[in-house]
Amino acid sequence: MTRKIHPAVVSAQPFQVANLRPTDRLFEDEEGRDRLEKAISRYPDKRAALLPMLAYAQERNGWVSPESMQQVAEALDLTPAYVNSVATFYTMYNKHPTGRHMIQVCTCVACHLCGGEEVFEAFLEATGTVPGAMSEDGKYVVMEAECLGACGFATAVQVNDRYFENVTPETVGEVLARLEQDGGE
Amino acid sequence: MGYPYSHDLEVGTILSRHFGDESARRLNVWQEYGGYAALAKAVGMDATQITGIVKDSGLRGRGGAGFPTGLKWSFMPQEPTGPHYLCCNADESEPGAFKDREILRWVPHLLIEGCLIAARAIRAEHVYIYVRGEYFPYTRILNDAVVEAYEAGFIGPDILGSGWDCELTVHIGAGAYIAGEETGLMSSLVGGRAEPRVKPPFPAQSGVFGRPTTVNNVETLAAVPMILSEGSAWYRQWGTERSPGTKLWCCSGHLERPGTYELPLGIPLRDIIYDVCGGIRNGKKLKAVIPGGSSTALLTASELDCASTYEGMQEAGSSLGTASPIVMDEDTNIVRAIRRTAEFYAHESCGQCVQCREGTAWVAKILHRIEMGDGRLADIDTLYDLCEQLTGRTICVLADSVVFPLRSSLDKFRADYEALIGGRA
């Protein structure tokens, strides 16, 4: 099913989401072709659609696989090596499958001052994980993040495409309960 | 007014009047608030007239460098030989800064209107708003506003029946701080690694897609509609001769009332911290503040009587930057806080320049060693030496950014370093 997306915002769709729509062939269904055509139409050079299409691959599959990079390369007339060199520059493109809830705790300077590390530890403990590794049930991965741009609301935590603010070790349980309840949406 | 707190010293007229009001995101409400009246005025003016008003207003770039906006626009070719582009830099990611986020999420139409007026001033046919990847919730809000504005005929062909065409595209980044540097942003937008490049050529000569381009910060562009509506003299009623207008201050750290406030430029920094933000939380004393975002030199409790202007902060030995003070109380471990800052820059170095790639990582490692009690007195000399190596030797200023907080912390809190080192030679 194709969601109607205005071409002006096709290059700005949230791409770290809990509900995936996996596909082996990114641009062979109606939605994929629509995204590709609309993105290309916004730039005088179709190479500029590269980041939007890497993001689209992750939005569908949860990560940017070598196969996805190959398909993006073909769709945009780029070499796979070039696409790989760009994809690996950006930290938000996952190079491996990740947990359903990707929990990123800001421990940069402002959140650090207000207890970011304690919040990070509390998430690790509550999910029974070690930094960056998926929990056994595939539900969670917890990692430290550099500044999330919510410094006045420390500690800031990003879970997929959502922000949680003013998180303390005491409210970590509430955040996890909300994730369970909402199923990640 | 400010969010989540407000204060009597604020002027909320230009940017923040509708912060906290979710209904202002909708076009019909925004128009009731007077939205897009400035655009209607702008389509009846030519590029030179618009640029002239913004020049006279003295508006300076709010992304950190403070370059006069009207002057920047005037560098664009006056007689286009092909497409021009405007890039709105919404890749806000300087530690301490979260002001652009508040504009994106509360007043997206104000930003869109500012983008369009700026596009007309520089004769751009397409605006790209480059938003940092992490800002998913705020990108969604912006996206909805852009679609509404398209459907109402504020963006696209024949804007407001004027015969003028301008497109606008929202483009999402993917977690690279360096994409906020203007040439890095351009490299990223066209589908590359966000690697800065040497200037010249300047963006106004050759920018995205090899065409004349202007890159402006979100807060800069959001100030434009009111300046155009009310005029430059009106805007200059706030601030100083060299720093006119109002500025969003996003305040974080150990404060009673952290958050964003719109203040006239020139209020003493001390009043922002102690009056506007209610002082240090839990009745503690202030130890230091990094006043303009993490890339600025820190100031101590005795250095806060400076005017919060571009020139005032410079006289105090620091910089206004993005006006994002990170406040530290008396219990703060300065070495640890600076180590966190250094780690950020080490993580975000694009790796092109040796000094930056190696130097930022070594600064972080040495600070970590000192923090863990394994430091030597010679490490302090090494850090000073690294400050030399990291200054003015690289393509962009990311390397310089780590030096300002580091060197100032060594100068002003050397005793803290020595206490952790404990006399080991």
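Analyst: Helices (H or I, at least four residues) and strands (E, at least two) are DSSP runs, numbered from the N terminus. The model is predicted: local features need pLDDT of at least 70, side-chain atom pairs count only at pLDDT 80 or more, and totals for chains, interfaces and linings use all residues. Residues are numbered from 1 along each chain as its sequence is written, while chains are lettered from A and ligands numbered from 1 in the order in which they are written.

User: What pattern does chain A follow along the sequence?

Analyst: Chain A reads α-α-α-α-β-α-α-β-β-β-α, with seven helices and four strands.

User: How is chain A divided into domains?

Analyst: Domain 1 of chain A covers 7-87 and domain 2 covers 101-182; such bounds come from an automatic or database domain assignment. Their C-alpha centres lie 28 Å apart.

User: How many residues of domain 1 of chain A are in contact with domain 2?

Analyst: Four residues of domain 1 of chain A are in contact with four of domain 2 of chain A, where contact requires C-beta atoms, placed from the backbone, within 7 Å.

User: Changing topic, what about helix α5 of chain B, residues 99-106?

Analyst: Eight of the eight residues of helix α5 of chain B are buried, so this helix is largely enclosed by the rest of the structure.

User: Which elements do the buried residues of α5(B) pack against?

Analyst: Among them are β1 (85-90), α6 (108-121) and β5 (246-253) of chain B.

Note on methods. Buried ≥ 20, exposed ≤ 12 C-beta atoms within 10 Å, placed from the backbone. Contact = placed C-beta atoms within 7 Å.
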